[in-house]
Amino acid sequence: MSETLTKTPIKIEPAAYSRISEVDFSNLQFGRLFGDHMFEMIFENGAWGDPEIKPYGTIDIAPAMNVFHYGQAVFEGMKAFYVDEKTINIFRPDEHHARFNRSCRRMCIPETDYETFISALESLIKLDKKWVPQSAGTAMYIRPFIFASEDYLAARISDRYSYYIITSPVGAYYKEGFNPVSLTTPDGFVRAVKGGTGEAKTSGNYAASFLPARKAAEKGYTQVLWLDAHQNEFIEEVGTMNIHFLINDTLVTPELTGSVLPGITRKTVTALAEEWGYNVEERKISISEVFEASKNGTLKEVFGSGTAAVISPVGLIEHNGEKIEIGTGKIGDFAKRLFDEITGIQYGRIEDRHGWVHAVKV
Ligand SMILES: Cc1ncc(COP(=O)(O)O)c(C=O)c1O
């Protein structure tokens with residue numbers, strides 16, 4: 001289904017009262033509290049209806065809705081950052097929207113237009129500007145999602161879809177300094193295969209990852225390091241992050257094989273590394289190559305990239321009972337430089353030379 005341009009102005013129903021007094025800005029938990037307003041748009045009879053912003057609240061659901069049985073659903077995860085009392089920066093909304101539409105295409109969900117998306121984000125941020133936390137490292141998390149909402153128990157493409165955008169203030173990811181994460185390769189599980197849904201941000205991918213993630217946690221590891229499904233050898237990604245390896249002066253990032261989620265932070269990291277004169281290689285990288293590089297001393301840094309943590313240093317990798325340690329329990333210099341540059345651009349402290357930031361005047 002192709003992009004349906006609505007271009008209809010968004011109808012706004014302001015909340016009668018604000019729940020902002022319930023928020024403890026000094027102790028924000030990820031994804032527990034939601035802004036006063038949400039965006040809603042329904043697709044039926046072959047077209048998207050009128051876009052609306054209304055008070056955040058429960059929605060009507062029917063037990064037979066397609067999404068509960070057949071899982072036709074996509075989502076995005078992005079952030080907005082407090083710059084000053086007049087400006088809130090949204091990071092790379094065009095890239096997030098493009099990926100949202102790519103996910104929709106893979107899942108047979110009708111696409112949405114960018115104009116409505118960006119004007120919904122602007123309106124939500126303006127209406128709920130007091131919800132955007134202001135202290136260092138905090139942000140407003142934005143969750144756009146679409147699910148199949150036809151009330152029909154049939155394993156086929158739904159005729160009706162519900163599109164929402166909700167927001168949630170989030171605390172600083174690194175309150176007590178960077179904590180390097182530990183990774184383990186999964187025993188007998190795979191995340192995705194080429195031709196499957198791995199490169200789409202669709203809900204079922206996450207549901208399928210919970211059991212291996214729980215097994216990794218039981219073994220004492222923070223997250224799963226996913227390997228390719230065919231040979232169980234080539235590195236793909238981690239939990240909700242892409243992964244990067246600094247081998248001597250070369251930044252090696254697993255290539256997008258069709259089963260890896262194309263991260264927006266991943267794209268940001270490789271663009272900056274190239275700009276800074278590093279060799280940047282997007283290619284297959286095997287777990288044996290990483291262990292070998294660790295043994296011969298050429299593996300300088302390993303880190304994940306994603307919207308939640310921006311950059312997440314990796315301190316330990318376990319594979320088939322063998323372990324390698326990376327770094328000295330702190331974030332590496334290169335990863336730290338990336339973290340400082342990306343967050344500097346997001347919070348408006350560093351000039352946005354790439355046009356990555358969409359500034360909302362509030
Ligand atoms: C499976 C997976 N990989 C990678 C990422 C990182 O993507 P991004 O940098 O766009 O947040 C995410 C988070 O969205 C994810 O869920």
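## Basis and overall form

A residue is called buried if its relative accessible area is under 20%, exposed if over 50%, and partly exposed in between, with a 1.4 Å probe and protein chains only. By this criterion, buried residues make up 52% of the 362 residues in the protein. The model is predicted: local features need pLDDT of at least 70, side-chain atom pairs count only at pLDDT 80 or more, and totals for chains, interfaces and linings use all residues. Residues are numbered from 1 along each chain as its sequence is written, and side-chain values use heavy atoms, with hydrogens and water left out.

The protein contains seven helices and 19 strands; these are DSSP runs numbered from the N terminus, helices being H or I of at least four residues and strands E of at least two. The C-alpha trace spans about 60 × 50 × 35 Å along its principal axes.

All five residues of strand β7 (residues 87–91) are buried, so the strand is largely enclosed by the rest of the structure. In a regular strand the side chains alternate between the two faces of the sheet. Both faces of β7 are covered, with Thr87, Asn89 and Phe91 on one side and Ile88 and Ile90 on the other.

Strands are taken to pair if DSSP finds at least two bridges between them. Strand β6 (residues 78–84) runs antiparallel to β7 and is joined to it by four bridges, and a hairpin of two residues connects β6 to β7. Within this pair, tyrosine 82 stands opposite isoleucine 88. Strand β19 (residues 357–361) also pairs with β7 in the antiparallel sense, over five bridges; here threonine 87 is opposite lysine 361.

## The β17–β18 hairpin

Strands β17 (residues 310–319) and β18 (residues 322–325) are antiparallel and share four bridges. Leucine 316 has glutamate 325 in β18 as its bridge partner. Two residues lie between the strands of this hairpin, in which asparagine 320 takes a positive phi near 50°.

The expected span of a helix is 1.5 Å times one less than its number of residues. For the 14 residues of helix α2 (residues 93–106) this gives 20 Å, and the end C-alpha atoms are 20 Å apart, which agrees. The buried residues of α2 include Pro93, His96, Phe100 and Cys104. Cysteine 108, which follows α2, has a positive phi near 60°.

Glycine 277 follows α5 with a positive phi near 90°.

## The ligand site

Of the 16 residues around the ligand, Lys201, Tyr206, Glu237, Thr265 and Thr307 come nearest.

A polar side-chain atom of lysine 201 lies 2.7 Å from a ligand oxygen atom. A polar backbone atom of isoleucine 264 is 2.8 Å from an oxygen atom of the ligand, and an N or O atom in the side chain of threonine 307 is 2.6 Å from one. The protein covers 97% of the 380 Å² of accessible area that the ligand has on its own, as given by the Shrake-Rupley method with a 1.4 Å probe; for residues, only the protein chains shown count as cover.

How values were computed:
Near = heavy atom within 4 Å. Polar contact = N/O pair within 3.5 Å; in protein donor to acceptor, adjacent residues only side chain to side chain.
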